[in-house]
Amino acid sequence: MIEALFTFGLNHRRLVALLVILITLPLGYGVTKLEIDTSFNSLIPADEPEKLAYQSAMDEFGSDNKTIIYVRDKNLWTARKLARLDHIVRELKDLDHVYRVDSLFNLRIIKGTPGEDGQPVISTELVIDDLPTDDISAADAQLRAQANPLYVGNLFSEDGYVTAIIVTVNDVNDQEDFSLEVYRQFEQLLEKERDHFERIFQVGPPRINAELQESLASDFTVLGPLSAIVLVASILFFMRSVLAAIIPLVTSVLAILWTFGLMGWLGIPLNILSAMIPSLIIVIGSTEDTHMMAAFFRGLAEQNTNEGRPTTAQRHQAIKYMAKHTGLPMLLTVLTTFLGFAANLFGDIVLIQHFAFASTTAILFNGIVTVLVVPPLLAKFGRKIGEGKSAEELYGNNLPDQIISTFRISQDRFPLVVLSLTGLLCAFFTYQASNLYVTNDPLSYFPEDRELIQETKTIHEDLAGIKVFFVTLEADNTNAFLQTSNLQKLNKIQAFIRKQNVFDTTLSIVDHLKYVNKEFQGDFAADTLPQSRQLVAQYLMFFHRSELESYVSHDYRQANIIVRHNISDSHTLNQYVDELKDFVSHISGDGIRARVVGENLLVNQAAESLMVSQIQALALLLTLIFVLMSIMFTSLKGGAIAMIPSVIPIVLMFGIMGLVGIPLNPGTAMVAVIAVGIAIDGTIHLLAHYNELCRTTSDYEGAVHKAVQEVATPLIVSSLALSLGFGILLFSNFTVVAQFGALAAATMLISIFANLLITPIIMTRIRLVGLYQIIAMKVDQKVLEESPLFTDMSNYERRKAILISEIHEFSAGEKLVRQGDIGRNMYMILSGSAKVERRDGEAVRELAKLRPGQVFGEVGYIRAIERTADVVASTPVTALNFEYHRMQKDLKFFPNIVAKLNFNISGILGERLADVLDSK
Amino acid sequence: MRLIPALLFLAISLPSSGSDAVVNMNGAELMEAVYQRHKQFPYVYEEQSMILIDQRGNKNTRKLRRYSRVSKDGGADFLLLFDSPLDVRGVALIAHRDKAGVARQSFYLPAYGSTFLESHADHDGQSEDHFLGTDFSIENLIGEMLDHHRHLRRDDEVINETEFYVIDTFESGDESLVPLRRHYVRKDHLFVTRTDHFDELGRLKKRQTHHDLVNVHGEMWRANMMMMDNFQQAHRTVIKIDRRVFSADYVPEDVFTRKWILSNQAPLSDEDDSEAYLAEAGDEL
């Protein structure tokens, strides 16, 4: 079946070509429909229950889509600079999409001054009504502005050198390139002002979104081609074949086109993670092609030992050889890689789900394209590769040989030392992994030295962090937050936040009331709240609703504290927010529901679910692979051993992350599952080869070495190509993608060490039988059923018994057993016939004829004595060889089957003894 | 000195609104004609509902009484007295404008104590836009001084089949092309039913409209509902006149004194357990 699958493209070239065209055309058109998503929404789980609370807080207390325009100048409060600022504010107000501009030009203060009768005179005034015409009136305006404690730290720096213009933008997210347009409009305006102020820049959602989009586009256009170059270069270096370098590109490009086309049709957008899919597919997809082509070349080389062009028949034969030797492992590796990427589908974060869908689809498409397209391409162009080259020459480079010979010394001489050291290494890195922390902050996606991040820090240092969250309290009754007891609760929460000493500022209705109270009552009332509910309500009459709407609902049933901060580490933020939640819940009491919400918090809280979902995905994938491998090699041990080369790189990777301080984020969180999916590929190829070799030799160590020798080149080539390909991601504009690339590259390199050094040591201690071999075995059922060797064994056990034995083929006239030889083995004839002949001088006497199912040589198997007769093949014979020492070894690997075989051999011997006695 | 009070107009006999005399008037003359026709009545008592509506349509309703009285020396007194919500009951704003047009105002907050708080508009002596959380300014309350402004007539307009004279008002001495306000005066009875307020860039900031017009005497009209739409703050204030009385008896001279205000205060309620509060909360729910 596998052969049929792999030769389908070869046998139906036109149909395949038509199929590829018919799929490519509509999906190619779908690419034009592909959308880009850089919204923060995709960082939040779709079913996040807190999302509703956040949305409700937004509805009640207003949008948080605010851009801060930072202006620094030591002469800020002069008539000339204020006039420029006024100009900027006016132009901002004129821009499309701008809903509101808060600046020092619409700030109002309430001021109490002692009157003639000693009673306060209350004035409410704008900080700047008419533009100051001289520096003295500008300085007066500064005094007025700084008299209001609500603005200092939020809109002005204490030293008076910095001010912020806060621009609220209408929420029209559905408009394509909206953020980019708004950002550019702001930037165009600010560009003209850069000569007028020491420093002026914008930070806010439009800029962050715009930079995400620009960086994503840049990643998309740069990383794919770079990966392609690296792939071609590495394959050329290792395999010395232009075609071997081109074929993976053809399959990858088709798979990428199909994937993005399907995404376009399904409305699944491209995000910062899926932008690296071209790189991933070019690199990962190439591994299958490399293994396939290596097998094809081997198939050609084995037929074409003499110099000369291979014939069409030889190329077709090489493709069959390829299908036979790499077909099943390749399908399995596609499946495991597919599972690795698919495991991410179970995460809650939309960003990762979309990436998981895209990558899983791409892997699947790449597998399909490879199976359909590579065989006909090799059949067409393959002759140019194998021409005139020996098998060794085909793999020209000796780097893999050097690596495996170095490893072999360690394997042969110090296997236990290697295993112990590996164990210690894993223990050390497991300990280091305990330092791992998690983060999902969108700003942490950018590198630390990026201007955006530096400017965000500047705003934080001079004013307050740009990140915002809300503490909302909701009572059952209207007017609840006119009551002083509830206002005190808000006051205590703010005091607690200040005590936590990690957040920058808090602002609530309490601050507004304290401010008015001080102005009405005098300095002695500073920092105190009004004493009665009526006074609260009457003070609040001095504010317009627009000044209060961010802090209290119109019916005074809900109140809101706005907290600004600059924490990027999700774990730290979540820790302090949890602490705050506990306090808020404790202080709010009965009848008041308290929530701590914010888009920023939702995004950061998603980090925790990111951790949990990735652990679940990893556990699920490892379990699946364990089950799959156990079934494939009909052994739980086989399943467990197959896991080792996957688990070691993951342990080391998490350890490295903990050691060097790389956080778990949406990029790095995926490395583990993807790496398992890819690293297992090499193990499957290795185990499959070893298993196959074990059928023809009882020298298991030799079989291991040979399997390693055969698999090493494609494994090392593909792993190095993968490392280099992933390494390309270091050029990404996003830290998360670069970290993903670095870790994935490191993991691929570690997997070489695990696959070629550790796995072989363990492999020599096991013996596996492939389920597919059992199923695919072609034997005469009747022969097996009638053979005394397989008495009381199930069909499955008989087939497995055959597979753990050696299979030998003899031509007619060839001697299977030679009289006088000492051999500790016995045979069972599977097909053909043989005769038993005793030589007595020149005379030869035929003692018996042997037919399929019959066993001979059983005495030698039990005891090392001379063979008493020759066994000669009358026709071509296929026979199973049961070698005593090998069977003793296999007893520990397959105790049930070997025990049954031994029991049946005893029975055969007993029969023989009885026959001898009868004849006497 | 003459005023165009936004909230209260009275009228004396004037040329008919459609006559050639009116048609050919310039801006200042037309505003003068409006003033003359709807001249302020000396004694007005009103019971009003003030409804504050935010951008999400949430409403807060206040009940208040408004007293106004023109004194013999040409000055005018105004008093706004809040009756509900209970928390602001008794809050009073007293304003006095002398014959030169200079205004003074003070607040009384019952919860603050028996002190009257003198209030200044701002450091320039201008009235600010938000009076007691409304979208009206104090200037809207006590009236606009005609002589303090320059009026420029624009082309007439027809809106919803109603004909209007259009007059732009500028700060006196200000040669700017951007008007402070644009008045829409109905041709049929010379009543200002719409006033657009502009910011310094000439963009529409607020729109004041008058509705439910009633002919109260001769050619004198009044609006029973006034609405101010604040486009910048996405907020609206509606003032509905529940009752209006033109009578000196309702507006005695001493009503504008601190003594009268203090002696007409309801006792303060307990903060949390007042049945009145609960009843009020129930009404709002």
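Helices (H or I, at least four residues) and strands (E, at least two) are DSSP runs here, numbered from the N terminus. The structure is a predicted model, so local features need pLDDT of at least 70 and side-chain atom pairs count only at pLDDT 80 or more, while totals for chains, interfaces and linings use all residues. Residues are numbered from 1 along each chain as its sequence is written, chains are lettered from A and ligands numbered from 1 in the order in which they are written, and side-chain values use heavy atoms, with hydrogens and water left out.

Starting with the big picture, chain A carries 32 helices and 18 strands. Its C-alpha trace spans about 145 × 60 × 45 Å along the principal axes. The radius of gyration of chain A is 38 Å, whereas a compact globule of 920 residues would come in near 29 Å; the radius is taken over C-alpha atoms, and the globule rule is 2.2 Å times the number of residues to the power 0.38. Even so, 60% of the 920 residues in chain A are buried, where buried means under 20% relative accessible area, exposed over 50%, and partly exposed in between (1.4 Å probe, protein chains only).

As for contacts (heavy atoms within 4.5 Å), take the pairs in chain A that are at least 6 apart in sequence: 79% of them join residues at least 24 apart. The accessible surface of chain A is about 36,300 Å², and carbon and sulfur atoms own 57% of that. These areas come from the Shrake-Rupley method with a 1.4 Å probe, and for residues only the protein chains shown count as cover. On the charge side, chain A has 76 positive and 98 negative charges, with mean positions 11 Å apart. Lys and Arg count as positive and Asp and Glu as negative, with His and the chain ends not counted; each charge is placed at NZ of Lys, CZ of Arg, CG of Asp or CD of Glu.

Chain B has 5 helices and 15 strands. Of its 285 residues, 53% are buried, and its accessible surface is about 12,600 Å², 48% of it from carbon and sulfur atoms. Among chain B contacts with a separation of 6 or more, 50% involve residues 24 or more positions apart.

Back in chain A, helix α3 (residues 49–61) makes a handy geometry check. Its 13 residues should span 18 Å at 1.5 Å a residue, and the end C-alpha atoms sit 19 Å apart, which agrees; the expected span is 1.5 Å times one less than the number of residues. The buried members of α3(A) are A:Ala53, A:Tyr54, A:Ala57, A:Met58, A:Glu60 and A:Phe61. An α-helix has 3.6 residues a turn, so residues three or four places apart point the same way. The buried residues of α3(A) pack against β7 (467–475), α20 (545–548), β9 (558–565), β10 (592–597) and α22 (599–632) of chain A.

A:Gln213, in helix α7 (residues 205–239), counts as buried because its relative accessible area is 16%. Leaving aside residues up to four places away in sequence, A:Gln213 touches A:Ile36, A:Thr38, A:Asp177 and A:Leu180. A:Gln202 belongs to strand β6 (residues 199–203) and is buried, at 1% relative accessibility. A:Asn902, in helix α32 (residues 895–919), is partly exposed at 22% relative accessibility.

Most residues other than glycine have a negative phi, and most peptide bonds are trans. B:Ser84 and B:Pro85, however, are joined by a cis peptide bond with omega about 0°, and B:Pro85 lies in the loop between β4 (76–84) and β5 (92–97). In the loop between β9 (149–159) and β10 (162–171) lies B:Asn160, a non-glycine with a positive phi of about 50°. B:Glu161 is in the loop between β9 and β10 too, and its phi is also positive, about 65°. B:Asn160 is exposed at 72% relative accessibility, and B:Glu161 is exposed at 79%.
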